[in-house]
Amino acid sequence: MSQAGTLGIKNLYKKYDVKSQSLSVLEDINLQISPGEFVSIVGSSGCGKSTLLRLIIGLEEGYEGAIELDGKRISGTSLARGIVFQEHRLFPWLTVEQNIGVSLLNSGLTAGQRRHAVRDHISLVGLQGFEKAFPYQLSGGMAQRVSIARALVNRPEILLLDEPFGALDALTRAHLQSELKRIWQSEGITMVLVTHDVEEAVFLGDRIVVMEPRPGRIREIIPVELTHPRERTSQAFTQLKESVLSEFSTLIPDEATAPSTAPIGISNFSIDAWHFAV
Amino acid sequence: MFMTDLKNIRLMHLALALRGWVLPLLLLAIWWCAVAFHWTTSPILVSPVAVWQRGLERVLSGELRVALLASLNRGAYGFLIGATVGFLFGSWLGASRWVERLIGPTFHTLKQISLFAWIPLLSMWFGVGDEAKIAFVAMAAFFPVVLNTFEGFRSVPRESIEVARVFAYSPFQLWWRVIFPTAAPSIFTGLHLSLIYSWLATLGAEYLMTSGKGIGNTLIEGRENFQMDLVLFGVLVIGSVGFLLNFVLSSIERHFLVWRQQTIARY
């Protein structure tokens, strides 16, 4: 079993240049994630949480500050950091087992080892029997499970999840949240989940990082003291959920009363600019 | 009870497969009646029986085989040359944006020129023999492949490329395992169209550059000797070849692109 990684984010700033003006997407992000921890990042649209994930995975560059995995600065993408996107992004011309095998291409394993790893991870996500199915034959939840298997099969030190269940219906979402927790408990790797669903964040996370937008900053980091298994309907759970939600409700009066003090005026930018902030 | 059900299902499948034949057979019957009952006295209207007899004569004398092989040969060479060059050119345009900006406008202008307008030039450069005809077919085969290959390579979604980056793919791996398979359906469409246009162009070339042997020349012969039955027989052969080409290609496409099932609406 590969070790779980330590993620350190220090004084992270990210800006985009839009129409010769500088749009600040992330401001002074500081976060230390211990090995094997599950961190949920919650925030409304435009708080830069997806951008943060893309910076950690290495798909975006050009930031100030430091992002370190196990003490070493990250550079570009790497097999040590895995990601599950909101869309399943499976290759339609490959079967389920071939899609999972896609991530093992540069892993240095032999063909036999690859087959074994793929088979293990198909059972891990509960898709036995669907090895030869094509993505078009799978439901949304199943396809997302393949995507999770694909991200986990080469044993990354850290797994990032960018609103992985956002495109699914509520029932499937609840089911897959339990599945993800089961996988996390059995694999023990560090996981960082970005979501706008507070209940999901409380259900899964050891800590909840609340972010606020314009520019993206960490507002609060809330530890979750609940033990597993967590009951969504228990009082402690609901209380925690309420306290996280209250972080958001205080944002709205601020915006309504003082829009002119916001660092970047809404009217200055077109729709294109907001696209970057998501 | 089960066995009769099975037989019924088989009969039903057979009936469904034969559905497509109802209209042609009906038209054939109407044609035969028109001749037999003299609905018109035009010498152009020949009996289907006469067409059949003429066809039999041509097949048995070996003349059909010679003509058909000559036409297929020209078509095949022209298609192979045109499609290969087209694929390479389309890939080049698709891969490099500045090449597209540089050469694209010229290409898009040239493709608007009707193929037949090239014939005088081709006759001057290649003469009126087989080379000119193959050149013409190659040109017809070239354009659909370029356009569809270019379109295919340019339509690779950013999301797929990000997946390849996340798994640390080399540029070759990215091209071979992500870009090329994504573009494959478009490329297949281009090749399919190209093959059909090649066959059309083969006939066109034979009709406009009349030296040599071929099915087109059979048609010309029939026209000049007022042998409508020969003309119609030629048309039937041309149509059958076109149909076969399409059928074979569609089967190959369906086999390789089985994963695209979901995009076809079933109604």
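B:S160 counts as buried, at 14% relative accessibility. That label applies because buried means under 20% relative accessible area. This serine belongs to helix α8 of chain B, which covers residues 158-166. Bear in mind as you read on that the model is predicted.

- Once its neighbours within four places in sequence are left aside, B:S160 is in contact with A:F91 and B:V178.
- B:L16 lies in helix α1 of chain B, residues 2-18.
- Is B:L16 buried or partly exposed? B:L16 counts as partly exposed, with 39% relative accessibility.
- B:L16 and B:F233 are 217 residues apart along the chain, and 28 Å separates their C-alpha atoms.
- A disulfide is a covalent bond between the sulfur atoms of two cysteines.
- Over all chains, the structure holds 0 disulfides.
- A:C47 is buried, and its relative accessible area is 0%.
- B:C33, on the other hand, is partly exposed, and its relative accessible area is 22%.

**Where the chains meet**

- How many residues of chain B are in contact with chain A? There are 19 residues on the chain B side, and they are in contact with 22 residues of chain A.
- Between them, chain A and chain B bury about 2,000 Å², and 66% of that is on carbon and sulfur atoms.
- On the chain B side, the residues that lose the most area to chain A are B:V166, B:F167 and B:W259, which together give 35% of what that side buries.
- B:V166 also falls within helix α8 of chain B, residues 158-166, the helix that holds B:S160.

**Chain A as a whole**

- Chain A has 278 residues, and 51% of them are buried.
- Its secondary structure includes 9 helices and 10 strands.

**The open sheet of chain A**

- An open sheet in chain A is formed by 4 strands with antiparallel pairing, in the order β2-β1-β4-β5.
- Which strands of chain A stand at the edges? They are β2 (21-33) and β5 (72-73); each has a single partner strand, so one side of each is left without a neighbour in the sheet.
- Helix α1 of chain A, residues 49-57, packs on the sheet and touches β1 (7-18), β2 and β4 of chain A.
- The direction of this helix makes about 115° with that of β1(A).
- β4 of chain A, residues 64-69, pairs with β5(A) in the antiparallel sense over 2 bridges.
- A:E68 has A:R73 as its bridge partner in β5(A).
- In a regular strand, side chains alternate between the two faces of the sheet.

**A hairpin in chain A**

- Strands β9 (residues 207-212) and β10 (residues 217-223) of chain A run antiparallel and are joined by 6 bridges.
- Opposite A:V210 stands A:E220 in β10(A).
- The hairpin of β9(A) and β10(A) has 4 residues between the strands.
- In this hairpin, A:R214 takes a positive phi near 50°.

Conventions. Residues are numbered from 1 along each chain as its sequence is written. Chains are lettered from A and ligands numbered from 1 in the order in which they are written. This is a predicted model: local features need pLDDT of at least 70, side-chain atom pairs count only at pLDDT 80 or more; totals for chains, interfaces and linings use all residues. Side-chain values use heavy atoms; hydrogens and water are left out. A disulfide is a pair of cysteine sulfur atoms within 2.5 Å. Buried means under 20% relative accessible area, exposed over 50%, partly exposed in between (1.4 Å probe, protein chains only). Two strands pair if DSSP finds at least two bridges between them. Contact means heavy atoms within 4.5 Å. Axes are lines fitted to C-alpha atoms, for helices over the stretch in contact, and angles run from 0 to 180 degrees between N-to-C directions. Buried area is the accessible area (1.4 Å probe) that two parts lose on being put together, summed over both.
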